[in-house]
Amino acid sequence: MSTNRPTTKPPTKNGKPSATTTRPAPKPQPAGTRVRPVRPQNAPPPTATPPNRLPAILIGGGAVLVALILLSTMFLNTPPKDTTGTTGSTGGAVTTPAAGSSGNTGAVGTGSTAVVETPKGTFKIKLFTDDPAVKGAVDNFRNKVAGGYFDGKIFHRVEDWVIQGGDPLGNGTGGGDMPGEYTSHPFVLGAVGMASTASHAPMVNDSQWFVCKTDCQFLNNNYVIFGQVTEGMDVVNKIAIGDTMTKITMQP
């Protein structure tokens, strides 16, 4: 009976046995003897049963789920940033300033006359406190004055018919938004109004305000008017670009 592995002879090199030899074939078994199969020499050992990792996977997955729920709660409770803006009457794009740079300062303004101090002198603005149609615009201006918001701001726009200032950025592109309020008061010489995105816009700029140096009734019912210069138009006419609102205060 033949063996279950082929028999090979040792290879020779130059008549001498090679250093590499093969394993001797198994010794032939007597006829009728059952040959025991030979296990492959390089067979890998039996694979051990992997440990049960299900509990660890469940614990880890639970921790991830809890973390996601907490992150979702944080995002849901974070108010979205206001990225909208308006354009002032100069026509430039307006961006919403950083927190604290515009909007209601938290102070509650009183009084009906604003005294505007500048390097060129002082002028006074009588606010339309008795007109409920522009209450929001009047309160916005008075509250900003009470909080010192306008102090140090510049007049960034000066033309033959208007001066404009109050922009927190100083270039005509700053300020926040407020609802547009319109009334029958005419934009005559000395009229004071708020800058806006467009004619009769639903939202206007809450920081930039202007004074008419001539009769501007083409603005009637198209821009928010909330006051009238009663003293110091000669000072208004002297204002140049870059002049500051040194300080604004309110009087009864």
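Student: What makes strand 3 and strand 4 (residues 121-127) a pair, and in which sense do they run?

Tutor: In this predicted model, the two strands share six bridges in the antiparallel sense. Pairing needs at least two bridges, so six bridges qualify strand 3 and strand 4 as paired.

Student: What joins strand 3 to strand 4?

Tutor: A hairpin, through two residues.

Student: How do you know that strand 3 pairs with strand 11 (residues 247-251)?

Tutor: Count the bridges again. There are five between strand 3 and strand 11, in the antiparallel sense. The threshold is at least two, so the strands pair. Here T113 stands opposite Q251.

Student: Why is strand 3 (residues 113-118) called largely enclosed?

Tutor: Buried means under 20% relative accessible area. Five of the six residues of strand 3 are buried, so the rest of the structure largely encloses this strand.

Student: Which residues of the largest nonpolar core touch the most other members?

Tutor: F123, I125, F187, W209, V211 and F226, out of 41 residues in that core. Elements giving two or more residues to this core include strand 3, strand 4, helix 2 (135-146) and strand 9 (203-212). Strand 9 gives the most, with five residues.

Notes:
Residues are numbered from 1 along each chain as its sequence is written. This is a predicted model: local features need pLDDT of at least 70, side-chain atom pairs count only at pLDDT 80 or more; totals for chains, interfaces and linings use all residues. Side-chain values use heavy atoms; hydrogens and water are left out. Buried means under 20% relative accessible area, exposed over 50%, partly exposed in between (1.4 Å probe, protein chains only). Helices (H or I, at least four residues) and strands (E, at least two) are DSSP runs, numbered from the N terminus. A nonpolar core is a set of buried Ala, Val, Leu, Ile, Met, Phe, Trp, Tyr and Cys residues joined through side-chain atoms within 4.5 Å.
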